[in-house]
Amino acid sequence: MKKVVIVGGGIAGLSTAWFLSEAAKARGIQIGITLVERENRLGGLIQTIHRDGCLMEAGPDAFLSEKPAAADLCRSIGLETELIPTNPEFRRSFFVWGKKLHPVPEGFYLLAPTSWRALWWTPLLTWRGKLRAAMEWVIPADWSGTDCSVADFVRRRFGAELLERIAQPMVGGIYTADLEKLSVQAALPKFYAMEQQAGSVCRALFRKAKTEQADKASGPRYSLFLSLRGGMEQLIERLSGVLQCVESLLGSGIERLEFSAAGWKATLADQRTINADAVCLAIPANAAAVLVRPFSADLAGLLAGIPYESVVTMNLVYRKEDVPAKLNGLGFVVPVAEGNDLVGCSFSSMKFEGRAPQEQYLLRAFIGGAFDPKAAERGDADLSRSVKRWLQKLLGITAEPQQITIHRLRGSMPQYTVGHRERVEKIKREQAKIPGFFLTGNSYDGVGIPDTIEHARKTAQQIMEYLEKAA
């Protein structure tokens with residue numbers, strides 16, 4: 001029997017275990033998988049809290065169906081009937097500008113317009129800013145192949161005003177990143193490809209709009225966002241329940257990895273040891289670097305070079321009668337230029353059904369990331385005051401919430417800085433030099449849940465190919 005140790009019990013590690021066990025079953029190969037998780041629960045950042053009739057997410061609350069890996073996994077493990085879309089009645093969101101909420105212009109695709117009407121009529125840009133953005137059609141493309149920051153890319157193609165008021169809050173909110181450092185090739189590969197292929201982002205989007213039926217929702221295509229009826233942790237519970245030939249060891253992390261001609265030996269914190277034919281680290285790159293350093297200083301250095309930021313999520317429950325504003329959307333994002341520490345806020349009870357009782361609103365605020373790196377170290381009272389102050393300014397809420405939950409996701413967001421793709425290629429080359437050693441997770445080829453699951457699928461395939469060759 002072949003034995004594999006997977007370090008990390010988040011969605012990356014669980015997905016790798018699932019795909020690997022399914023591949024072994026299909027090939028008729030006996031395999032034993034040990035999943036080691038330092039915490040006393042599985043799921044990592046994915047955690048759902050059920051309290052007083054409310055369903056609150058500590059981490060991710062949805063995923064994109066446009067990237068099929070997550071939806072396909074849900075269907076494979078019997079969760080197809082539990083998938084739910086965003087509420088069709090409220091498929092729009094808002095930018096904050098001038099301390100007011102403005103709808104994301106209909107026809108904008110993340111940071112770029114797909115129609116002239118969307119550009120000309122948005123109140124978010126001045127006429128000067130609109131004219132500069134319209135010039136994107138004639139701005140020469142950069143065909144050097146050199147990576148640059150998202151800020152440099154947007155500023156060059158659309159101008160500083162669109163960067164400040166639209167791109168920064170939208171893209172920065174997704175990555176909780178400083179756009180002056182975020183890699184356009186790693187974070188926005190589709191937009192980079194549009195420039196390379198069509199010479200203009202707008203030209204590529206307008207061509208696409210002519211061949212495809214346009215989505216009427218503003219901003220991102222909200223119909224593509226999916227969640228689970230029982231919350232995102234439903235995926236973790238079902239996945240861990242259907243895993244075969246997998247032993248989960250919780251509450252004890254790996255302290256040391258050693259490789260010899262006999263294979264791998266993993267030593268746990270309690271000094272127990274596990275022998276294996278292959279090891280997969282499904283943990284953040286900086287944590288993987290610590291385990292890797294004794295047998296590959298070069299790889300450890302590359303892994304340690306991927307920076308991380310922390311984010312705080314805060315769920316707040318209000319009586320509907322205490323919220324003066326009409327919450328007729330999915331939420332809002334806040335530009336850094338507005339001078340506050342709130343990254344954004346989701347109207348969770350409007351976004352998905354079953355998130356709060358009929359007489360209540362459930363809101364989910366985000367603080368931290370690259371522009372407030374110490375947010376996770378702030379006290380609960382300080383964080384609460386800050387969020388409530390901004391909700392009062394933006395939504396007119398003066399009443400106290402009926403309940404608040406605060407979760408600090410420390411070191412949870414990998415930062416794809418300029419040169420990230422080149423770094424990942426070097427990591428892959430160094431990893432390939434080490435027999436039976438594999439890496440997976442959101443540190444490398446995409447931060448979203450579908451990207452992480454797809455990376456896990458490919459990693460499981462590589463592990464299986466290695467085990468078959470080593471047989």
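## Aromatic pairs

The structure, a predicted model, holds 13 aromatic pairs. One of them joins W116 and W120, whose rings are stacked, with centres 6.1 Å apart and planes at 20° to each other. W116 and W120 both belong to helix α3, which covers residues 116–120, and their separation of 4 residues is about one turn of the helix.

W116 has a relative accessible area of 34% and is partly exposed. W120 is also classed as partly exposed, at 27% relative accessibility. W116 and W120 are members of one aromatic cluster, together with W127, W137 and F206.

## Parallel sheet and the helices across it

An open sheet is formed by 5 strands with parallel pairing, in the order β12-β2-β1-β16-β22. Strands β12 (246–250) and β22 (437–439) are at the edges; each has a single partner strand, so one side of each is left without a neighbour in the sheet. From one strand to the next, the twist averages 20°.

Within this sheet, strand β1 (residues 2–7) and strand β2 (residues 31–37) run parallel and are joined by 6 bridges. V7 has V36 of β2 opposite it.

Helix α1, made of residues 11–27, lies across β1, β2, β12 and β16 (278–281), and runs at about 175° to β2. Helix α16, made of residues 449–470, lies across β1, β2, β16 and β22; the angle in this case is about 175° to β22.

## Nonpolar cores

The largest nonpolar core contains 46 residues, and those with the most contacts inside it are L111, V154, F158, L162, L182, L188 and F191. Helix α6 (residues 160–175) supplies the largest share of this core, with 7 residues. There is also a second, separate core of 42 residues, whose members include L35, F63, L226 and C280.

L182 can be followed in more detail. Apart from residues up to four places away in sequence, L182 touches C148, S149, V150, V171, Y175, A177, A187, Y416, T417 and V418.

## Cysteines

A search of the whole structure gives 0 disulfides. For C54, the nearest cysteine sulfur is that of C345, 14 Å away, and C54 is in no disulfide. C54 is buried, with a relative accessible area of 2%.

C202 is likewise in no disulfide; the nearest cysteine sulfur belongs to C148 and is 16 Å away. The relative accessible area of C202 is 2%, so this residue counts as buried.

Q403 is part of strand β21, which spans residues 403–414. Its relative accessible area is 12%, and since the limit for a buried residue is under 20%, Q403 counts as buried.

Which residues are in contact with Q403, leaving aside its neighbours within four places in sequence? They are R51, D52, C54, M56, N315, L316 and V317. One of these, C54, is itself buried.

## G354

G354 is found in a loop, between α13 (348–351) and β20 (360–368). With a relative accessible area of 57%, G354 is exposed. G354 and E309 are 45 residues apart along the chain, and their C-alpha atoms are separated by 31 Å.

Technical notes. Residues are numbered from 1 along each chain as its sequence is written. This is a predicted model: local features need pLDDT of at least 70, side-chain atom pairs count only at pLDDT 80 or more; totals for chains, interfaces and linings use all residues. Side-chain values use heavy atoms; hydrogens and water are left out. Helices (H or I, at least four residues) and strands (E, at least two) are DSSP runs, numbered from the N terminus. Buried means under 20% relative accessible area, exposed over 50%, partly exposed in between (1.4 Å probe, protein chains only). Contact means heavy atoms within 4.5 Å. A nonpolar core is a set of buried Ala, Val, Leu, Ile, Met, Phe, Trp, Tyr and Cys residues joined through side-chain atoms within 4.5 Å. A disulfide is a pair of cysteine sulfur atoms within 2.5 Å. Two strands pair if DSSP finds at least two bridges between them. Axes are lines fitted to C-alpha atoms, for helices over the stretch in contact, and angles run from 0 to 180 degrees between N-to-C directions. Rings of Phe, Tyr and Trp (its six-membered ring) pair if their centres lie within 6.5 Å; planes under 30 degrees apart count as stacked, over 60 as edge-to-face and the rest as tilted.
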